[in-house]
Amino acid sequence: MKTLWAPWRMDYILDKGEKGCIFCQGLSDGAKLTLYSGSLSMVMMNKYPYANGHMLVAPKRHVASLEDLRFEEMADLLKMVRDSVGILKKVMKPDGFNVGLNLGAVAGAGVEEHLHLHIVPRWHGDTNAMTVLADVRVISQHLDVTCRNLKPHFELLESAG
Ligand SMILES: [Zn+2]
């Protein structure tokens with residue numbers, strides 16, 4: 001396991017208390033980083049990404065642990081992981097993905113109270129150089145562009161039900 005030097009993580013920690021849950025907030029104010037909002041699951045861009053295209057897939061219900069999920073929610077979460085990976089493959093053509101859960105602050109969860117899966121696209125030779133070296137503003141520009149490129153594909157999913 002690599003430890004990343006990620007100064008923008010500090011913003012994340014400072015943000016958290018003020019704004020409440022980023023997932024529930026993302027649903028209520030139609031935040032621009034929300035890519036998809038279905039009946040059970042949602043997909044957001046990670047505001048503080050480890051790589052370009054880093055997404056978060058979460059149940060719409062504000063639950064903290066896997067045991068709190070209903071069966072339909074689990075099935076829908078995994079369906080959204082599948083669809084999100086499919087969209088990322090089409091749009092960003094990564095060579096692979098890291099997909100996973102951080103459960104608890106000790107495991108690296110930035111938002112502990114609302115369960116979410118990370119999808120991080122990976123490219124040959126990326127070795128996280130961008131996230132380590134790039135200025136935070138460069139990344140947030142990437143974020144807007146990436147979000148604009150990905151959103152239409154999720155809108156197709158939404159309209160398909
Ligand atoms: Zn929440």
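Of the 161 residues in the protein, 39% are buried, a class defined as under 20% relative accessible area, with exposed meaning over 50% and partly exposed in between (1.4 Å probe, protein chains only). The model is predicted, and local features therefore need pLDDT of at least 70, side-chain atom pairs count only at pLDDT 80 or more, and totals for chains, interfaces and linings use all residues. Residues are numbered from 1 along each chain as its sequence is written, and side-chain values use heavy atoms, with hydrogens and water left out.

## Overall arrangement

The protein contains 5 helices and 5 strands; helices (H or I, at least four residues) and strands (E, at least two) are DSSP runs, numbered from the N terminus. Along the sequence they follow the pattern α-α-β-β-β-α-β-β-α-α. Among contacts with a separation of 6 or more, 65% are between residues 24 or more positions apart, where contact means heavy atoms within 4.5 Å.

## The sheet

The 5 strands of an open sheet are arranged in the order E1-E2-E3-E5-E4, with antiparallel pairing. Two strands pair if DSSP finds at least two bridges between them. Strand E1 (34-37) and strand E4 (96-101) stand at the edges with a single partner strand each, so one side of each has no neighbour in the sheet. On average, neighbouring strands of this sheet are turned by 15° against each other, direction ignored. Axes are lines fitted to C-alpha atoms, for helices over the stretch in contact, and angles run from 0 to 180 degrees between N-to-C directions.

Strand E5 (residues 117-122) pairs with E4 in the antiparallel sense over 6 bridges, and E3 and E5 pair in the antiparallel sense over 3 bridges.

| Residue | Partner in E5 |
|---|---|
| Glycine 100 | Histidine 118 |
| Valine 57 | Leucine 117 |

E5 is mostly covered, as 5 of its 6 residues are buried. Helix H3 lies across E1, strand E2 (41-45), E3, E4 and E5, and runs at about 160° to E3.

## The nonpolar core

The largest nonpolar core has 30 residues, and Met55 and Phe154 have the most contacts inside it. Such a core is a set of buried Ala, Val, Leu, Ile, Met, Phe, Trp, Tyr and Cys residues joined through side-chain atoms within 4.5 Å. At least two residues of this core come from each of E1, E2, E3, H3, E5 and helix H5 (136-160). H3 gives the most, with 7 residues. Leaving aside residues up to four places away in sequence, phenylalanine 154 touches Leu35, Tyr36, Val43, Met55, Met80, Ser84 and Ile87.

## The zinc site

Cys21 (SG), Cys24 (SG), His62 (ND1) and His114 (ND1) coordinate the zinc ion at 2.0 to 2.3 Å. Donors are N, O and S atoms within 2.8 Å of the metal (3.2 Å for Na, K and Ca); water is not among the atoms, so sites may look incomplete. The angles among the 4 donor atoms are 101 to 116°, and the site is tetrahedral, a label given to four donors if all angles lie between 85 and 135 degrees. Along the chain, the donors follow the spacing C-x2-C-x37-H-x51-H. Cysteine 21, in the loop between helix H1 (9-19) and helix H2 (22-28), and histidine 62, in the loop between strand E3 (55-59) and helix H3 (71-92), are 41 residues apart, and the pair links distant parts of the chain. Cysteine 21 counts as buried, at 11% relative accessibility, whereas histidine 62 is partly exposed, with a relative accessible area of 39%.

Conventions
Tetrahedral: all angles 85-135°; square planar, octahedral: opposite > 155°, others 65-115°.
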